[in-house]
Amino acid sequence: MKLKEAIGYLIFIIILIMSPFVGPKYNTFLLTKALIMAIWALAYNILLGYTGMLSFGHALYFGVGAYTVALLIKWIGIRSMEILLLSSIISSAVIGALVGFLCIRYIAVYFALLTLAFGQFFFALTYKLYWITRGADGLPVPRPYLLGIKFTMMIRYFFVLAIFIVSTIIIWWILNSPFGKTLQAIRENPSRAEFVGVNVSHYKWLAFILSSIFSGIAGALYAPLFAHVTPDFLHWAFGGLVLYMVLIGGHKSFVGPIIGAFVFTYVENYVTAHTIYWPIILGCILIIIVFAFPNGIMGAVYKVREWVGKRKRY
């Protein structure tokens with residue numbers, strides 16, 4: 001990591017730490033949501049940006065994390081956020097391992113459609129198991145406790161911020177390790193990677209599990225924020241949001257999904273507050289960005305920086 005990038009990240013973290021003390025309370029809620037979405041977007045980009053695997057069913061693991069929290073509170077009475085988060089990691093890892101084992105055998109559109117099919121299967125399951133999940137009514141999520149202290153808005157925000165920082169560091173370390181470089185080799189040319197001795201299916205499976213785990217963490221943090229969990233969390237349309245965030249931020253950049261998550265959260269909040277036709281507007285924004293900036297916002301930033309560098313040389 002370059003010094004300028006490290007300074008930029010540090011300034012970003014300082015801004016996030018100071019924001020709850022200088023802005024309105026509602027902004028703290030939006031920042032919390034944006035941080036959770038950023039974790040989910042980073043998790044998704046392990047597959048799309050670094051392994052070249054397009055998934056349409058990634059709401060499944062987000063929903064598994066959220067439902068794990070809701071079910072443990074509802075039926076077992078566990079209110080400790082530490083236990084709830086750990087349980088969500090385990091449940092999303094198990095489901096991700098099972099689904100991933102069946103999906104990674106296929107490539108391109110077949111992989112994407114198979115992930116969509118599994119996502120919709122679990123979505124339907126949450127409706128049918130009404131006696132457990134309460135179907136479309138969903139499950140309430142009372143405020144959990146963190147180290148014995150009840151979740152307040154500020155405690156929740158800084159807990160989510162801490163998880164975001166730790167998750168970002170771990171994902172960055174993974175993607176810049178030999179394991180991450182192998183994933184990028186698979187993305188560029190899986191046939192050549194296999195030719196030089198890389199077990200492509202094994203690495204894809206591990207990437208799928210990692211992506212599922214961090215998606216489950218995001219879901220576990222999202223459930224207490226909205227205090228309610230419904231089957232919509234597993235629907236393919238909800239899962240499309242994470243693809244939206246990654247695309248507008250830039251899937252070929254590590255920072256892109258984070259930028260995309262923040263932009264999407266604030267734009268969605270503004271648009272939905274002013275019109276009922278917000279899906280059309282968000283769709284138009286995505287179309288404009290895809291055509292104008294094929295590599296997302298960060299791709300455009302890199303191009304401008306490259307152009308400025310060339311101008312300085314000449």
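Reply: The pair to begin with is E268 and K33, whose side chains meet in a salt bridge with an N to O distance of 3.2 Å; the term stands for a side-chain nitrogen of Lys or Arg within 4 Å of a carboxyl oxygen of Asp or Glu. The model is a predicted one, in which local features need pLDDT of at least 70 and side-chain atom pairs count only at pLDDT 80 or more, while totals for chains, interfaces and linings use all residues. Residues are numbered from 1 along each chain as its sequence is written, and side-chain values use heavy atoms, with hydrogens and water left out.

The helices and strands named here are DSSP runs numbered from the N terminus (helices are H or I of at least four residues, strands are E of at least two). E268 has a relative accessible area of 13% and is therefore buried, and K33 is buried as well, at 12%; the cut-offs are under 20% for buried, over 50% for exposed and the range in between for partly exposed, with a 1.4 Å probe and protein chains only.

A search of the whole structure finds 2 salt bridges. The other pair is E188 and R187, whose side chains meet at 2.8 Å, again from N to O. Here E188 is exposed, with a relative accessible area of 57%, whereas R187 is partly exposed at 30%.

From charged pairs we can turn to helix packing. Two packed helices are described by the angle between their axes and the distance between the axes. The axes of helix α11 (residues 236–249) and helix α13 (residues 278–292) come within 10 Å and cross at roughly 35°; axes are lines fitted to C-alpha atoms, for helices over the stretch in contact, and angles run from 0 to 180 degrees between N-to-C directions. The crossing of α11 and α13 is left-handed, a term used if the near helix is turned anticlockwise from the far one by less than a right angle, and right-handed is the term if it is turned clockwise. On the α11 side the contact is made by Y244, L247 and I248, and on the α13 side by L282, I285, L286 and I289, where contact means heavy atoms within 4.5 Å. Sorted by class, this contact has 7 nonpolar residues, no polar ones and no charged ones; Ala, Val, Leu, Ile, Met, Phe, Trp, Tyr, Cys and Pro count as nonpolar, Asp, Glu, Lys and Arg as charged, and the others, Gly among them, as polar.

S212 in helix α10 is buried, at 0% relative accessibility, and, apart from neighbours within four places in sequence, it is in contact with H58, Y61, S92 and G96.

L147, in the loop between β2 (145–146) and β3 (149–150), has phi near 55° although it is a residue other than glycine, and L147 is exposed, with a relative accessible area of 70%. A227, in the loop between α10 (200–226) and β4 (228–229), has a positive phi of about 60° and is not a glycine either; A227 is partly exposed at 36%.

As for the protein as a whole, it has 14 helices and 4 strands. Its radius of gyration is 20 Å, close to the 20 Å that the globule rule gives for 314 residues, so the protein is as compact as a globular protein of that length; the radius is taken over C-alpha atoms, and the rule is 2.2 Å times the number of residues to the power 0.38. The C-alpha trace spans about 65 × 50 × 40 Å along its principal axes. Of the 314 residues, 49% count as buried, and of the contacts with a separation of 6 or more, 77% come from residues 24 or more positions apart.
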